[in-house]
Amino acid sequence: MADIVFAFDPAIHRPIPVPDAAPADVAGAVAGAAIAAVEEAADVAAKAGATALVICGRLLDPSRASPAQAARLRRMIVALATGGCRTVMFADDTAVCHDLARMLGEPRGLAFVTPAAPLAVDVRGLSVELVSAHGPAGAGAADAVTAGPSPLHRRVVLGWDNALWSADRWAPDEPAYGVVPTPRLTPTAAAFASAAAASAAWSQPGTFWIWASRQPQALPPGVHFLPPLQPRSADEASSGACCTLTLLDRAAVEVVDPDGIAAPHAEWRGSWREVPTHRVAWRTVEVESPTGGDEELATAIWSALEKQPRERPAAVELIRCSIACGTSVARRVRVGEIAAETLARLRGLYDARTFPWWCVDLVAEPTESLAPLGHARSGSRPGSTTSFSSALADIVTMVEQSQTLSAAEAREAGWLALELIESV
């Protein structure tokens, strides 16, 4: 049982790109994963008897969404309202609220929270205030701010960032609904925690802090992490889930009026739980590069896949095959030459029941260290046949240490240069 279900960044208007040559069942699962994940969260809320489904991040951009997406979302909101569950959307300004409500036809049960307007929700006699962390620190209802701590009052402060919203790692993060994000609208987790600790309202004992992000990060003590409903790549912080919070002990009923009020949960902070909602998962399978051609490589990858634990049955797994080649540039070039044939062999083994993986990519591991090729380790000297490789390895090492590029980007660029020279 849960009283509030939280969901981050459904982004229904941005379906996940369908992998090349994917069969119909894989393509359908991938294309519909975004909206299926939010419907899964709604199902969790309905089965738990929750009072509210709280959504933050991107939901449905009116300038990009289709009528079919809007109709499906409206049906979900109305179905929840019929069961007594409100859908609460966090937005950065009132214009977004008006656009979204108009597009959905102002369905019953839809409510909004903005930085300037918190929302009070009654959870079976318990007053719960939902506050956006993107507003001024300490924002909330005036009477709640000035009042002392009460066992019958809770405040949930929710913030998020827009990290990894863009599928292209070279592009900046997507602005929210066409508005260029500012540090005020997309605070960092550390800034959020500092503001929360310094605020007289946000530091009250009855306050619960939540930070949502697609990016892996260490959060300060007391801040609870909310993952996205559906990841978009293998670089994200979680496999995809909604989170539930139980505020009331429904087994213990205090008869303080004719209807009765459920007693506050004594350990309500510890009731934060993740419930999987993703329909597509990413996995990287790493194997050592075998000798031989595509048949030997496909056999090695297949053997590694058979040893992988199964994901949740409802999820399709997209596999990236990473081939470790050590410092052999020739082998890296060879892996690139046989990648297409190897992928064709692996894809030919696809079976939705016994082989629920679809291989989308096969590469020589681009983040292997070039340090063993450097002058200090390889023993090469200027003028030798390996002097260029050693010099390039030294440059990559210096770039990694200077942090002008990430280690992964610097190493990938170095290996690409060596592979180009080897293949000429």
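This is a predicted model: local features need pLDDT of at least 70, side-chain atom pairs count only at pLDDT 80 or more; totals for chains, interfaces and linings use all residues.
Q: What share of the residues counts as buried?
A: Buried means under 20% relative accessible area, exposed over 50%, and partly exposed in between, with a 1.4 Å probe and protein chains only. In this protein, 47% of the 424 residues are buried.

Q: How do α2 and α3 lie to each other?
A: Axes are lines fitted to C-alpha atoms (for helices, over the stretch in contact), and angles run from 0 to 180 degrees between N-to-C directions. Under 35 degrees counts as roughly parallel, over 145 as roughly antiparallel, 65 to 115 as roughly perpendicular, and the rest as oblique. Helix α2 (residues 33-48) packs against helix α3 (residues 67-82) at about 5°, with the axes 10 Å apart, so the two are roughly parallel.

Q: Which residues of α2 and α3 meet?
A: Contact means heavy atoms within 4.5 Å. On α2 look for Ile-35, Val-38, Glu-39, Ala-42, Ala-45 and Ala-46; their partners on α3 are Gln-69, Arg-72, Met-76 and Leu-80.

Q: And how do α7 and α8 lie to each other?
A: Helix α7 (residues 294-306) and helix α8 (residues 329-347) have axes that come within 9 Å and cross at roughly 50°, so they're oblique.

Q: In what order do the strands of the open sheet come?
A: Two strands pair if DSSP finds at least two bridges between them. This open sheet has 5 strands in the order β5-β6-β7-β8-β9, with mixed pairing. At the edges sit β5 (119-123) and β9 (223-226), each pairing on one side only.

Q: How many bridges join β7 to β8?
A: Strand β7 (residues 153-160) and strand β8 (residues 207-212) run parallel and are joined by 6 bridges. Look for Trp-160, opposite Ala-212 in β8.

Q: Which strands does helix α6 lie across?
A: Helix α6 (residues 189-198) lies across β7, β8 and β9, and runs at about 170° to β8.

Note on methods:
Residues are numbered from 1 along each chain as its sequence is written. Side-chain values use heavy atoms; hydrogens and water are left out. Helices (H or I, at least four residues) and strands (E, at least two) are DSSP runs, numbered from the N terminus.
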